[in-house]
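Have your viewer ready and follow along.

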Amino acid sequence: MGNVVERRTIVVGSGCAGLTAALYLARAGLGPLVIDGDRPGGQLTQTSAVENYPGFPDGIGGYELVDRMRRQAERFGAEFAGDQIEMLSLQGKQKILQGKEKPYQCQALVIATGSAPVPLNVPGEKEYASGGGVSFCATCDGPFYRGKIVAVVGGGDSAAEEALFLAQFCEKVYLVHRRDRLRASKIMAERVLACKRIELLWNRVVLSAEGDGKRMNAVMLKDAGTGQISHLSCAALFISVGHRPNSAFAAGVLGLDENGYFRSGCADPVSSAVPGIFLAGDCSDPLYRQAIVAAGTGARAAIAAERWLLSQ
Ligand code: NDP
C-alpha cells in the first residue's frame, strides 16, 4: 500500500472519548495519531452549554470543552489528521484503516467514532438547534427549561427516559408519538403513563418547530389519522427518535449488536473481540451517552491499549 501513514497507536474519532484516549496514550509516550472524522469534536460541539461535566461549576461551552481536551492531548504529543475512515481491515496484528484521503496502519487502535442522533428533518429543526430550543439531549439541555412547558418526540425507551427526566422539573412535558402505542419497554411505558406531568399526544407527527428566528416557541403537529394540523406552544422540543452509532466502517471486522453498536469481546467493555482494538464512547454505549462516561471509557481504552502493547 503506497503512502501509508504508520503509527503505533491510532485513535479514530475526536469527541471527548477519542480525545481522552489520545491524552492518555500521548502521556504514555505512545504518540497517537487522532483521525478527526467529519465532525471534529463530536456531539459536544453541538451543545451550547455543558453543566454536568465535573470541574466546571459555572458550566462550559461544549465547543470550548472539547477544544481544551484537544489542546491538552496535543501538549503531550498527540497528532491530528483530518480524514474520514471508510474501512477497517486486518493484516496479521496490524490494523489497516482506509481513509478518504490516505491509508493508515497501526498496532493498537482505539475506536471512538461516537453516534449521531437521528434527526426529524423538519423545518426549524436546524434553525433552533444549539440553544434555540431544539435539543437531542434532555440531560444536557433540560435544566435550561426548568418550570417551562416542553415537548419530547419519540416513543422508545430513550424518549420515555427523556420525558421522565424532564418531568422532574418542567411544568409540563408533552410526549409526541407518531403511533398509538409506545415502543418503549413495559416498565418505562408504565412510568410514563403514570406520570402526571407527562401528557401523551398519540398519532401525532411533528411538522416543524416554529419561533421568532432566535428561539422556538411552538411545534406544528399533524394528526396521523385525521390529518388535522395543530399548534403546540412549548419552549423546547427534545428529539429522541433513535441514535445511529458510527460503526459501519468496521462492521466487517468487529461484531455489532442489533442496533449497530460495537460489541465488546469480553468482560471488559472497552476491549473488542479483536486483540489490539479498543472501544470508547458512544459507539459502544447505547445506554449512558454522556460526555463524562465517554471520557471515562476513553481513558480505559487507552490504558488497555497500553497494557496490550506491553504484552506483545
Ligand atoms: P428506538 O429505535 O427504540 O425508538 C425510536 C422511537 O422513535 C420509536 O418509537 C419510533 O417510532 C420513533 N421514531 C423513529 N423515527 C421517527 C420519526 N422520523 N418521527 C417520529 N418518530 C420516530 O430508539 P431509542 O433511542 O429509544 O432506543 C434505542 C435502543 O436503546 C433500544 O433498544 C432501547 O431499548 C435502548 N435503550 C434502553 C434504555 C434503558 O434500558 N434504560 C434507555 C434508552 C435506550 P415507532 O415506534 O413508530 O417506530
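Helices (H or I, at least four residues) and strands (E, at least two) are DSSP runs, numbered from the N terminus. The model is a predicted one, in which local features need pLDDT of at least 70 and side-chain atom pairs count only at pLDDT 80 or more, while totals for chains, interfaces and linings use all residues. Residues are numbered from 1 along each chain as its sequence is written, and side-chain values use heavy atoms, with hydrogens and water left out.

Start with helix H2 (residues 62–75), where Arg-71 and Asp-67 sit 4 residues apart and are therefore separated by about one helical turn. Their side chains meet in a salt bridge (3.2 Å, N to O); the term means a side-chain nitrogen of Lys or Arg within 4 Å of a carboxyl oxygen of Asp or Glu. Arg-71 is partly exposed at 47% relative accessibility, and Asp-67 is partly exposed at 28%. Here buried means under 20% relative accessible area, exposed over 50%, and partly exposed in between (1.4 Å probe, protein chains only).

Helix H2 also holds Glu-74 and Arg-70, 4 residues apart, about one turn of the helix. Their side chains form a salt bridge at 3.9 Å, N to O.

Now move to the strands. Lys-172 forms a salt bridge with Glu-199, with the closest N and O atoms 2.6 Å apart. This pair links distant parts of the chain, 27 residues apart: Lys-172 lies in strand S12 (residues 172–176) and Glu-199 in strand S13 (residues 198–201). Back at Arg-70, salt bridges that share partners join Asp-36, Arg-70 and Glu-74 into one network. In total, the structure holds 8 salt bridges.
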